[in-house]
Amino acid sequence: MIKIIHTADWHLGKKFFQLERINDHDAFLSWLISLLKKEKPDAIIIAGDIFDCHQPPHSAQKQFYRFLKDVSDLSIKVIFIAGNHDSKHFLNAPEPFYENLDIFFKTSVNDSKESSIVLKNGTDELELILLPFFKWSEINQWYLKNKTQLSSEKITSKNEVINNSEDDPDKYITEYLQTYVNKSSLNKHRKMLVSHHSFGQYHSDGTELNLNIAGIESIDISIFKGLVDYIALGHIHRAQKFNSIPETHYSGSPIVFRHGENKQKYLNIIKYSNDNFVTEKIIVPNLRNILQLKLNELNWKEKIDLLDINPTLPTFLSVVLLMEKSDYEILTTIKNYVREKGHILINIIPSTQNSNKDTPDENIEEIYDLEKVFEKFYYNKFPNDTEGFNKNLNIFKNVISEIKEKSISV
Ligand SMILES: [Mn+2]
């Protein structure tokens, strides 16, 4: 039997507002090490978004390297890929050190690095194909290299190769991905694809960035039918599986990033023997609650008293306080009370009865066109980066619509 632990989306270094999550990640990693000691798997897969940003804080780097050292002491193989939050260059930099450890990784789809590894245990053999996060521009690069039959007259810039062709972009992505799997594959074994992207009809948790490849919301899983037998994914923070062919699993993130997310977090233990996969979900202990409470002047104390003090780390609490009229004394009283109870107050937003008629958001919007403000700001910083502008404008629009939704629901 081959036993694999599948996890993803750690986002080491991620903060909640200004607050560090180092303790949350430390607690998760030491729990994970104890699980590895108990389960003794052949390998652990981290399917992307190990770090939250391209230049992670030193504390986050230390956590990752400490983890690699601890796992290597247990003689368990570590397999990881880059997610959309990771820097390929940052993950590649320590490569000379990895050579002495049992670590296999792939950060970029178009580099020459090996993308397939075979795990063996007894008579069982399983091939893993690593498909790290990729961008539309990387598919274009591949086309420029491989599809010389495309008329060069059509090509005015790298990114227009596919956009200018008459064919459906869907078809190009399918061909690209199938070719990637085929050229990686040794074609001898059952195969598991490990990737970080939006696949299938997923349910998101809202803390993932919206990834759109050339107008395609998500990759159709059925294009891998007959090519691989199992897909282990990162990117979507909510654990879920699809009863598709091939069977497909998102492990989800191991910690809750903000309130409103499903509190229960998991990782997967995959057992492969005699051509058969069995996947078991393991609950990751919840060490911190992140809550938003809507309180009023009469019930606030009672509601705060009702909060669990169960997990190890203090609750992150944000409060919306419904008030008859402005009263700043009560805000201070509540702040102190929350602190006394051992919780951490993120913010307290007073909301008077008639404030909905005249929210500052709507006023600002009347005065400025927010997208124009963003455009000015972006081109001022990055004068010629149209591709980046379009991508970031979409993210900006998502943020604005999320804020609007929230201010309506308050
Ligand atoms: Mn991601």
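The structure is a predicted model, with local features needing pLDDT of at least 70 and side-chain atom pairs counting only at pLDDT 80 or more, while totals for chains, interfaces and linings use all residues. Residues are numbered from 1 along each chain as its sequence is written.

The largest nonpolar core has 72 residues. A core here is a set of buried Ala, Val, Leu, Ile, Met, Phe, Trp, Tyr and Cys residues joined through C-beta atoms within 7 Å. Buried means that 20 or more other C-beta atoms lie within 10 Å of a residue's own, exposed means 12 or fewer, and partly exposed is in between, with C-beta atoms placed from the backbone. Ile45 and Val194 touch the most other members of this core. The core lies between domain 1 (2-284) and domain 2 (290-353), because both give residues to it; the domain bounds come from an automatic or database domain assignment. Leaving aside residues up to four places away in sequence, Val194 touches Ile45, Ala47, Ile79, Ile81, Leu128, Ile129, Leu130, Leu131 and Ala232 (contact: C-beta atoms, placed from the backbone, within 7 Å).

Next comes the sheet. Helices (H or I, at least four residues) and strands (E, at least two) are DSSP runs, numbered from the N terminus, and two strands pair if DSSP finds at least two bridges between them. An open, parallel sheet has three strands in the order β13-β14-β15. At its edges sit β13 (290-296) and β15 (344-352), each pairing on one side only. From one strand to the next, the twist averages 15°. Seven bridges link β13 to β14 (residues 316-323), and Leu293 has Val319 in β14 as its bridge partner. Helix α9 (residues 328-340) packs on this sheet, touching β14 and β15, and its direction makes about 155° with that of β15. Axes are lines fitted to C-alpha atoms, for helices over the stretch in contact, and angles run from 0 to 180 degrees between N-to-C directions.

Helix α5 (residues 136-146) has Trp136, Ile139 and Asn140 as its buried residues. These cover an arc of only 100° around the axis, so they fall on the same side of α5 (the arc is that of the directions from the helix axis to the C-beta atoms). Exposed Ser137, Lys145 and Asn146 are carried on the face turned away from that buried side.

Finally, β10 (residues 247-250) pairs in parallel with β8 (residues 230-234) over four bridges, and Leu233 stands opposite Tyr250. Strand β9 (residues 240-242) pairs with β10 in the antiparallel sense over three bridges, with Lys241 partnered by His249. Four residues separate β9 and β10 in this hairpin.

Notes:
Two residues are in contact if their C-beta atoms, placed from the backbone, lie within 7 Å.
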